[in-house]
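Reader: I'm new to this one. Can you walk me through it?

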Amino acid sequence: SCSCASSEALSYTVGTEDRMSIDILADSNFPCDLFAFFFGVPSSDYQQIKSAAKVISNCDGLDEDSHGIYWVSGADCTLDGTNTIGSPKLPVMLISAAETTKFTGTNNIFGMIFISDVEVPTAQWNASGTNIVYGSVIIDAELYAFVGTFKVIYNKDASSLAAGIDGIGTLTGGWRDFGLPVLSWEG
């Protein structure tokens with residue numbers, strides 16, 4: 001029973017047509033290579049970042065004891081069931097270059113998630129269920145399905161710790177260029 005002028009409306013979809021409004025700003029200066037913008041190397045040189053990570057073929061083994069940088073390379077990265085990944089003091093940087101990254105069930109993830117299409121140009125992200133990321137999320141892949149409850153609760157400490165590991169994702173002058181702690185990791 002309420003209405004507003006189109007100049008006051010949020011973005012929405014009618015049929016198959018997306019209508020952008022005041023909540024989305026088109027920026028022609030936004031980087032066309034988000035991987036390079038965040039990591040400081042072109043997406044074509046992604047092996048530099050991958051070589052600094054623990055490479056896994058899926059997300060099955062990630063749990064509350066996981067910490068550090070993980071690179072998922074394979075068919076899928078699926079988090080289903082009830083999972084806690086990382087912790088506030090030992091977060092993860094999860095870089096998924098899998099064909100399909102899927103979060104279902106109830107997941108609590110501490111750290112940073114970067115979903116990329118550098119290995120599979122048709123990479124997709126699916127989210128359903130109840131998911132909470134305490135940190136930050138960057139999606140550089142197709143958003144295939146997005147239902148349920150997905151929350152990103154920005155946590156400066158979790159993002160700083162996750163992104164500060166080995167200096168990964170700390171591009172000077174980038175959107176998250178703030179003071180990072182000096183870290184050392186064993187294990």
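Author: What follows is a short tour, from the whole chain down to single residues. This is a predicted model, where local features need pLDDT of at least 70, side-chain atom pairs count only at pLDDT 80 or more, and totals for chains, interfaces and linings use all residues. Residues are numbered from 1 along each chain as its sequence is written, and side-chain values use heavy atoms, with hydrogens and water left out.

Reader: OK. How many helices and strands are in the protein chain?

Author: The chain has three helices and 13 strands. Helices (H or I, at least four residues) and strands (E, at least two) are DSSP runs, numbered from the N terminus.

Reader: And what share of the residues is buried?

Author: Of the 187 residues in the protein chain, 39% are buried. Buried means under 20% relative accessible area, exposed over 50%, and partly exposed in between, with a 1.4 Å probe and protein chains only.

Reader: What about the accessible surface of the chain?

Author: It comes to about 10200 Å², and carbon and sulfur atoms hold 51% of that. Accessible areas come from the Shrake-Rupley method with a 1.4 Å probe; for residues, only the protein chains shown count as cover.

Reader: Switching topic. How many salt bridges are there?

Author: The structure holds one salt bridge, defined as a side-chain nitrogen of Lys or Arg within 4 Å of a carboxyl oxygen of Asp or Glu. K50 pairs with E119, and their closest N and O atoms are 2.8 Å apart.

Reader: Which parts does that pair tie together?

Author: K50 lies in helix α2 (residues 47–50) and E119 in the loop between β9 (106–116) and β10 (124–127), so the pair links parts that are 69 residues apart in sequence.

Reader: Are those two, K50 and E119, buried or partly exposed?

Author: K50 is buried at 14% relative accessibility, while E119 is partly exposed at 23%.

Reader: What else is in the loop between β9 and β10?

Author: V118 is found there. V118 is buried, with a relative accessible area of 18%. Leaving aside neighbours within four places in sequence, V118 is in contact (heavy atoms within 4.5 Å) with F35, S43, Y46, W71 and A97. The C-alpha atoms of V118 and S44 are separated by 7.4 Å, although the two are 74 residues apart along the chain.

Reader: Now the outside. Which residues gather in a patch of negative charge?

Author: D60, D76, D80 and E99 do, on the surface. Patches are made of residues with over 30% relative accessible area and no salt bridge: like charges are joined within 9 Å, nonpolar side chains (Val, Leu, Ile, Met, Phe, Trp, Tyr) within 5 Å. Lys and Arg count as positive and Asp and Glu as negative; His and the chain ends are not counted. The place of a charge is taken as NZ of Lys, CZ of Arg, CG of Asp or CD of Glu.

Reader: Where is D80?

Author: D80 is in the loop between β5 (76–79) and β6 (82–85). D80 counts as partly exposed, at 46% relative accessibility.
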